[in-house]
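Let's take a friendly walk through a protein model together. Have a look at the sequence and the 3D view, and then we will start with a single residue.

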Amino acid sequence: MERLLQSIRIEINDKIYLKDPESSDLGKRIIEQSILMIDEMGFESFTFRKLGERIKSNESSIYRYFENKHKLLVYLTSWYWGWLEYKTVFATNSIADPNEKLRKAISILTQNIKQDVSFSHIDEVLLNKIIINEYSKSYLTKEVDQENKEGYFVIYKRLVIRLSEMIIAVDPKYPYPSSLASTILEGALHQYFLKDHFPKLTDCNKTTTPTDYFTDLVFRALNPNNYG
């Protein structure tokens, strides 16, 4: 099983990068160190020049992989959603009961992230922090519609569709499955942000987790007969 998990590869739209960073040791170092640096200094302060100094490589070598740091952020966010998708599919594939399957999916998609040894060059815990703090910057741009047409956000959209299908399986008459699914994904990030920075604006704390909140929210929204 461990070998199987280590063979998993998150497929990213090749329009996001110029050269696949997974194809070389330098590319993997670019991904590994960019996660560390963005977590340390924030996306605004992060530059390819600073990254080049960190990895002891020319700045120009980084531009062979990514056109700009926005594309790098899109790559990182795409990888994160792809990683969560694979974890969700793997954990729910054998669950027959729709309620149990949805509960498991909500748990995976809203839980506190732990390190995944299957991907040695990516710190998923730090990447999760980056997604919480920086994800919106990957799509709140003037180019979002064109990038959407080119498939930059296909993994995230696919994950929303998977989750919405699980919602429909629990309550086929629920009228807003896509809205609820995207609320779970985006809302979980927001609740973790509030918990860390504006604790008075959320009920999530050391004892009440975002998973508790969204599980309650979802099953109250669906057919009441399925709640409890």
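## Starting at T141

Once neighbours within four places in sequence are set aside, T141 is in contact with H70 and E147, where contact means heavy atoms within 4.5 Å. T141 belongs to the loop between α7 and α8. Its relative accessible area is 23%, making T141 partly exposed; buried means under 20%, exposed means over 50%, and partly exposed is in between, using a 1.4 Å probe and protein chains only. From T141 to T207 there are 66 residues in sequence and 37 Å in space, C-alpha to C-alpha.

Before going on, please note that this is a predicted model, in which local features need pLDDT of at least 70 and side-chain atom pairs count only at pLDDT 80 or more, while totals for chains, interfaces and linings use all residues. Residues are numbered from 1 along each chain as its sequence is written, and side-chain values use heavy atoms, with hydrogens and water left out.

## The chain as a whole

What does the secondary structure of the chain come to? There are 11 helices and zero strands; here helices (H or I, at least four residues) and strands (E, at least two) are DSSP runs, numbered from the N terminus. The radius of gyration of the chain is 18 Å, close to the 17 Å that the globule rule gives for 228 residues, so the chain is as compact as a globular protein of that length. That radius is taken over C-alpha atoms, and the rule is 2.2 Å times the number of residues to the power 0.38.

Along its principal axes, the C-alpha trace spans about 60 × 40 × 35 Å. Of the 228 residues, 46% count as buried. Among contacts with a separation of 6 or more, 69% come from residues 24 or more positions apart.

## Aromatic rings that meet

Rings of Phe, Tyr and Trp (its six-membered ring) pair if their centres lie within 6.5 Å; planes under 30 degrees apart count as stacked, over 60 as edge-to-face and the rest as tilted. By this rule there are 17 aromatic pairs. In one of them, the ring centres of W79 and F119 are 5.0 Å apart and the planes are at 90 degrees, so this pair is edge-to-face. W79 lies in helix α5 (residues 69-92) and F119 in the loop between α6 (98-110) and α7 (124-134), so the pair ties together parts that are 40 residues apart in sequence. W79 is buried, at a relative accessible area of 2%, and F119 is buried too, at 7%.

W81 and Y135 make an edge-to-face pair as well, with 5.4 Å from centre to centre and 75 degrees between the planes. Since W81 lies in helix α5 and Y135 in the loop between α7 and α8 (144-149), this pair ties together parts 54 residues apart in sequence. Both W81 and Y135 are buried. Ring pairs link a cluster whose members include W79, W81, F119 and Y135.

## Charges over rings

Which ring does the charged end of K69 sit over? That ring is F43, with the charged end 4.6 Å from its centre. A charge sits over a ring if NZ of Lys or CZ of Arg is within 6 Å of the ring centre and within 35 degrees of the ring normal. The charged end of R103 likewise sits over the ring of F219, 4.2 Å from its centre.

## A stop at Q191

Q191 is found in helix α10 (residues 177-197). Is Q191 buried or exposed? Q191 is buried, with a relative accessible area of 13%. Beyond neighbours within four places in sequence, its contacts are T202, C204, P210, Y213 and F214.
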